[in-house]
Amino acid sequence: MNPVTIITGGSRGIGAATARRLAAAGHDVAIGYRRDQAAADAVVADIHAAGRRGIAVRADTTDPDQVRQLFDAAADLGPLTGLVNNAGITSPIGPFVDLRPDDLRQVVDVNLIGYVLCAQQAARRMARGGAIVNVSSSAATLGSPGEYIHYAAVKAATDTLTIGLAKELAPHGIRVNAVAPGVIRTDIHALSGVPDRADSAAGRIPMGRAGEPDEIAGAIAWLLGPDASYTTGAVLRVAGGL
Ligand code: NAP
């Protein structure tokens, strides 16, 4: 039977690259998205073009009912074997003293509560084992001073979530790992008010450039696959040396 993987935030950026990569590796894929149905449909078309089954489900990961509906819809593809907890947001880049409570709450809601709700559904449904990959960030260890410390703190929580889940779910045959990207060329930077961040940050990245979404997708695909069969509780940094 083919692997069946859910990717939250699969309509753009790292999630979309991961969907295409996994389809090419033989996964049937369910992508979740929040707003952009046209973008989600385009990713599903690429999954189909790779010869795999794919669906897109509008599901805000902060809402437990919508998360359940995403997992119910994915069940039509077969027994769930993988989850990529990827849907994430930043908030406007700026000094800590200017952080607005609403932005703080949204970052916690999407990047932490959303991940927990999805991991819980996956753990309940992976009766025959499986693998979860949480998309963290190099910010978790850098702290993101002057940019978004609250986001960095929540990504550190993602790493702790990964370690705890890995230990609790190992006896059930479920591996849990994280990928911690550095600066990657996606739309997320426009949403944080610095659309050219992938280029403007290049000077402080040891490899001298931002990463591309597919360079993260490859790491996620490896962690989901059989070559990572003894890997759990790992946080794999893919950040060009950052
Ligand atoms: P992106 O291009 O902005 O894409 C974000 C995706 O998440 C979109 O598909 C979006 O859907 C979806 N999404 C956002 N909020 C959602 C919600 N509440 N419910 C469901 N879906 C939601 O972001 P990205 O750069 O690929 O980031 C993906 C992950 O990588 C995030 O966890 C981010 O923190 C992490 N990361 C990114 C970077 C980077 O430099 N890009 C670095 C480190 C870590 P819609 O388009 O429909 O809204």
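Trainee: What covers the buried residues of α6?

Mentor: Their cover includes α4 (101–125), β5 (130–135), α5 (139–142), β6 (174–181) and β7 (235–238). Cover here rests on contact, meaning heavy atoms within 4.5 Å. Helices (H or I, at least four residues) and strands (E, at least two) are DSSP runs, numbered from the N terminus.

Trainee: What sort of model is this, and how are the residues numbered?

Mentor: It is a predicted model, in which local features need pLDDT of at least 70 and side-chain atom pairs count only at pLDDT 80 or more, while totals for chains, interfaces and linings use all residues. Residues are numbered from 1 along each chain as its sequence is written, and side-chain values use heavy atoms, with hydrogens and water left out.

Trainee: Which residues of α6 are buried?

Mentor: They are H150, Y151, A152, V154, K155, T158, D159, L161, T162, L165, A166 and L169. Buried means under 20% relative accessible area, exposed over 50%, and partly exposed in between (1.4 Å probe, protein chains only).

Trainee: How many residues has α6, and what is its reach?

Mentor: Helix α6 covers residues 149–169, which is 21 residues, and reaches 30 Å from its first C-alpha to its last. That is close to the 30 Å expected at 1.5 Å a residue; the expected span is 1.5 Å times one less than the number of residues.

Trainee: How many aromatic pairs does a search of the whole structure find?

Mentor: The search finds 1 aromatic pair. The ring centres of Y148 and Y151 are 4.9 Å apart and the planes stand at 65 degrees, so the pair is edge-to-face.

Trainee: Are Y148 and Y151 buried or exposed?

Mentor: Both Y148 and Y151 are buried.

Trainee: Where is S144, and what is its phi?

Mentor: S144 sits in the loop between α5 and α6. Its phi is positive, about 50 degrees, although S144 is not a glycine. Most residues other than glycine have a negative phi. S144 is buried, with a relative accessible area of 7%.

Trainee: Turning to pockets, what is the volume of the largest pocket, and which residues lie nearest its centre?

Mentor: The largest pocket has a volume of about 890 Å³. Its lining has 45 residues, of which N86, G88, I89, T186 and I188 lie nearest the centre. The elements that give two or more residues to this lining are α1 (13–24), β2 (28–33), α5, α6 and α7 (188–191). On a 1 Å grid over the protein atoms alone, a pocket is an open set of points where a 1.4 Å probe fits, with protein on both sides within 12 Å along at least five of seven lines; lining residues have an atom within 4 Å of a point.

Trainee: What is the lining of the largest pocket by class?

Mentor: It has 18 nonpolar, 17 polar and 10 charged residues. Ala, Val, Leu, Ile, Met, Phe, Trp, Tyr, Cys and Pro count as nonpolar, Asp, Glu, Lys and Arg as charged, and the others, Gly among them, as polar.

Trainee: And what lines the second largest pocket?

Mentor: That pocket is lined by 13 residues, and P3, H27, L224, G225 and P226 lie nearest its centre. Two or more lining residues come from each of β5 and α9 (213–224).

Trainee: Which residues of α9 are buried, and what do they pack against?

Mentor: P213, I216, A217, A219, I220, A221, L223 and L224 are buried. They pack against β1, α1, β4 (82–85), β5, β6 and β7.

Trainee: Where is G225, and is G225 buried or exposed?

Mentor: G225 lies in the loop between α9 and β7, and is buried, with a relative accessible area of 15%. D227 has its place in the loop between α9 and β7, but counts as exposed at 65% relative accessibility.

Trainee: Finally, which residues does R12 contact?

Mentor: Leaving aside neighbours within four places in sequence, R12 is in contact with A39, D187 and L191. R12 and D187 are 175 residues apart along the chain, with their C-alpha atoms separated by 7.9 Å. R12 lies in the loop between β1 (4–7) and α1 and counts as partly exposed, at 37% relative accessibility.

Technical notes: Points joined across faces, edges and corners; volume = space filled by probe spheres on them. Phe/Tyr/Trp six-rings, centres within 6.5 Å; stacked < 30°, edge-to-face > 60°.
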